[in-house]
Amino acid sequence: MKNTKTLMQRGTDFLGCDVAIMCGAMSWISERHLVSAISNAGGFGVIACGAMTTDLLDNEIAETKKRTDKPFGVNLITMHPDLMDLIAICGKHAVSHIVLAGGLPPKGSIEAIKATGAKLICFAPAMALAKKFIRSGVDALVIEGMEAGGHIGPVSTSVLAQEMLPDIAAQVPVFVAGGIGRGEAIASYLEMGAAGVQLGTRFVCAHECIAHENFKKAFLKGNARDAISSVQIDPRLPVIPVRALKNKGTEEFTAKQREVANLLDEGSVDMNEAQLQIEHFWAGALKRAVIDGDVENGSLMAGQSVGMVKAQQSVAEIIAELMDQAESALAKEKAA
Ligand SMILES: Cc1cc2nc3c(=O)[nH]c(=O)nc-3n(C[C@H](O)[C@H](O)[C@H](O)COP(=O)(O)O)c2cc1C
């Protein structure tokens, strides 16, 4: 019989939780409170390590463990200069799942993660990479479309799901992310072969989320069309697009790119430094909005599903609502 429980079985077995809904790591947001609340509500929370030092991650994992005895994951960024030490910290805490984000894993990192005993989840933005990851022993994949909040790829969730699920879902569990705001969409991706889903935007206005009230209010007000992708203005400076609610910060990003392009022209920075400055802009700007509540100048990273964020709710309510919607969508199909 087709219901969410059976369709999510592979995902829940893999994650070790009741509901195959992951709350994707969100820098500054996915910390001990939100992560433990998600896992305690039966979903799967993921700590966003972002630019944290090893000491900070060590403490964050310990604090999360004080708040939940359910499994949760840690998201590590491949570009982090101390990636191997961060992996060792996860190993010390016997973290059950590590999510690697931000491009190709550096040499030795996959082996190091597997050696800790953790299950490894990677983002696969294209089929070739998905197959490469599976060959390298990656245990599960996230396919994330450009509707998502934060750093995004060029392809939509619906296209990625159609292109990739038929081929790879039989090989490893695949979690679909980007633009999911309601349970009906979850049901449809499960029916296409997904083991589960990953949501970010929908959880930002949870009571348990520590984001500043101003940040949450911007989400409650925002519509899909306000969550726009950043634009690259200089062909020499490749910018990984970021989806965020438009504000003064979005304009400042354009100005920042011009400033860095000028520094390149003058020869006062090299390409590496230039790209680093661009990336640092976002890290600092997100903190300004999430923690300080400066929603004018900070970055309001949000996905297009922001229009479906209608109220502040508890994590348990959000998960229950999504699951009810998914269940009734499947029940309607059976009845038809
Ligand atoms: C505010 C914000 C910050 C994010 N930060 C990260 C991050 O640090 N690392 C990461 O892998 N993904 C990050 N993401 C992406 C989420 O983990 C998740 O995949 C995405 O939000 C799913 O799409 P949705 O927002 O449409 O639900 C972020 C998303 C948002 C909205």
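A residue is called buried if 20 or more other C-beta atoms lie within 10 Å of its own, exposed if 12 or fewer do, and partly exposed in between, with C-beta atoms placed from the backbone. Helices (H or I, at least four residues) and strands (E, at least two) are DSSP runs, numbered from the N terminus. The model is predicted: local features need pLDDT of at least 70, side-chain atom pairs count only at pLDDT 80 or more, and totals for chains, interfaces and linings use all residues. Residues are numbered from 1 along each chain as its sequence is written.

Helix α2 spans residues 32–40. Seven of its nine residues are buried. They are Arg32, Leu34, Val35, Ser36, Ala37, Ile38 and Ser39. Their cover includes β1, β2 (44–48), α3 (54–67) and α12 (315–335); here contact means C-beta atoms, placed from the backbone, within 7 Å. Gly42 follows α2 and has a positive phi, near 100°.

Most residues other than glycine have a negative phi. Trp28, in the loop between β1 and α2, has a phi of about 70°. Trp28 counts as buried because it has 20 C-beta neighbours inside 10 Å. Ala94 lies in the loop between α4 (83–92) and β4 (97–101), with phi near 50°. Ala94 counts as exposed because it has 11 C-beta neighbours inside 10 Å.

Eight strands form a closed barrel with parallel pairing, in the order β1-β2-β3-β4-β5-β6-β8-β9. Strands pair if DSSP finds at least two bridges between them. From one strand to the next, the twist averages 25°. Strand β1 (residues 21–23) pairs with β9 (residues 196–199) over three bridges. Within this pair, Ile21 stands opposite Val197. Helix α7 (residues 157–168) packs on the sheet and touches β6 (140–144) and β8 (174–177). The directions of α7 and β8 make about 175°. Axes are lines fitted to C-alpha atoms, for helices over the stretch in contact, and angles run from 0 to 180 degrees between N-to-C directions.

The chain is divided into domain 1 (4–211 + 310–331) and domain 2 (223–301). These bounds come from an automatic or database domain assignment. Over C-alpha atoms, the domain centres are 25 Å apart. Domain 1 gives 11 residues to the contact and domain 2 gives 12.

The ligand is surrounded by 27 residues, counted where the C-beta atom, placed from the backbone, lies within 6 Å of it. The closest are Gly24, Gly149, Gly150, Gly200 and Gly303.

Key. Contact = placed C-beta atoms within 7 Å.
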